[in-house]
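I will jot down each cut-off where I use it.

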Amino acid sequence: MSVEQSQINMQRLMLRYPSGKIALSGVTLDIKQGQFVYLVGESGAGKSSLLRMFYGGIRPSSGSLMVQGVDMRQAGESKVRELRRHTGIIFQDHKLLFSRTVFENVALPLRVQGWKTERLIPRVRKVLAYVGLGDRLWSYPEALSGGEQQRVAIARAMTAKPAVILADEPTGNLDVDTARRVLDYLMDLSRQGATVIMATHDLHLLESHPGRVIQLHAGALAGDGR
Ligand SMILES: Nc1ncnc2c1ncn2[C@@H]1O[C@H](COP(=O)(O)OP(=O)(O)OP(=O)(O)O)[C@@H](O)[C@H]1O
Ligand SMILES: [Mg+2]
């Protein structure tokens, strides 16, 4: 696959919630495979809404949106499910399974892909070590702090090396060192070809881990650069 391949393309994308609120108006963007992208902008600018459209959580009201070759205005449920199998989603409302151990939560995307237990063990261990939870494999989520649970969710989203990683303020609950380590790993994945799109208010990250910065303001594109 060419590095220049378009992973997400939108033309005059508009989103109107049932309440009538226009969350995004006329956004045109092209994101290539392997890009590392920050989504910034004030609270209410439309960052989470945009990310949600990238995995079919909400559908565009008008304009066009192509994600990994899928037309998000036309795609049926099975197409969207298939797309999510190649998408790592780090959202605060994507909860962990509380009846399963940390290990099983992180192994889940690999099991869905049919990985055998002996093959997935080293991968799960490695990813959990990365987020500093190498010694908590057999804990249950309820025994973890909020930030630790967040790190399990991050590990789960990264474990299957998805083509696209969507992260909504993933470092919000994390201390500086852990946030840096998570960013290091996300950057590694992007160098290996994953497209990473991350909404954040943490502008310090942009200095230590530079990327493309897409700025939204009141639902419109307000900037796009490095
Ligand atoms: N389910 C919904 N129904 C109606 N309006 C919504 C809904 N979700 C979000 N909005 C509105 O759409 C706009 C964009 O919200 P969004 O959550 O995308 O902003 P954001 O940039 O992620 O903000 P924050 O930085 O606070 O997370 C806001 O005005 C918000 O109130
Ligand atoms: Mg948000």
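Entry 1: I started with strand E4 (residues 62-67), which pairs with E5 in the antiparallel sense over two bridges. Strands here are DSSP runs of E of at least two residues, helices are runs of H or I of at least four, and both are numbered from the N terminus. Two strands pair if DSSP finds at least two bridges between them. I noted that the bridge partner of Met66 in E5 is Asp71.

Before going on, I wrote down the ground rules. This is a predicted model, so I keep in mind that local features need pLDDT of at least 70 and side-chain atom pairs count only at pLDDT 80 or more, while totals for chains, interfaces and linings use all residues. Residues are numbered from 1 along each chain as its sequence is written, and chains are lettered from A and ligands numbered from 1 in the order in which they are written.

Which strands make up the open sheet, and in what order? I read E2-E1-E4-E5, four strands with antiparallel pairing. Strand E2 (22-32) and strand E5 (70-71) stand at the edges with a single partner strand each, so one side of each has no neighbour in the sheet.

**Entry 2: two hairpins.** Strand E1 (residues 6-16) runs antiparallel to E2, and seven bridges join them. Leu13 stands opposite Val27 in E2. Five residues lie between the strands of this hairpin, and Gly20 there takes a positive phi near 105°.

I then moved to strand E9 (residues 212-217) and strand E10 (residues 220-225), an antiparallel pair joined by five bridges. Val213 has Gly225 in E10 as its bridge partner. This hairpin has two residues between the strands, and Ala218 takes a positive phi near 50°.

**Entry 3: helix H6.** I checked the length of helix H6 (residues 176-191): at 1.5 Å a residue its 16 residues should span 22 Å, and the end C-alpha atoms are 22 Å apart, which agrees. The expected span is 1.5 Å times one less than the number of residues.

Which residues of H6 are buried? I found Thr178, Ala179, Val182, Leu183, Leu186 and Ser190. They cover an arc of only 135° around the axis, which puts them on the same side of H6; the arc is that of the directions from the helix axis to the C-beta atoms. Asp177, Asp188 and Arg191 are exposed on the other side of H6. By my cut-offs, a buried residue has 20 or more other C-beta atoms within 10 Å of its own, an exposed one 12 or fewer, and a partly exposed one falls in between, with C-beta atoms placed from the backbone.

The cover over the buried residues of H6 includes strand E3 (36-40), helix H5 (146-158) and strand E8 (195-199). After H6 comes Gly193, with a positive phi near 120°.

**Entry 4: the core.** The largest nonpolar core has 59 residues, and Leu39, Val106, Ala155, Ile165, Leu166 and Ile197 have the most contacts inside it. Such a core is a set of buried Ala, Val, Leu, Ile, Met, Phe, Trp, Tyr and Cys residues joined through C-beta atoms within 7 Å. H5 gives the most to this core, with six residues.

I also listed contacts of Leu166 beyond four places in sequence, among them Leu51, Phe54, Tyr55 and Ile197; a contact means C-beta atoms, placed from the backbone, within 7 Å.

Conventions:
Two residues are in contact if their C-beta atoms, placed from the backbone, lie within 7 Å.
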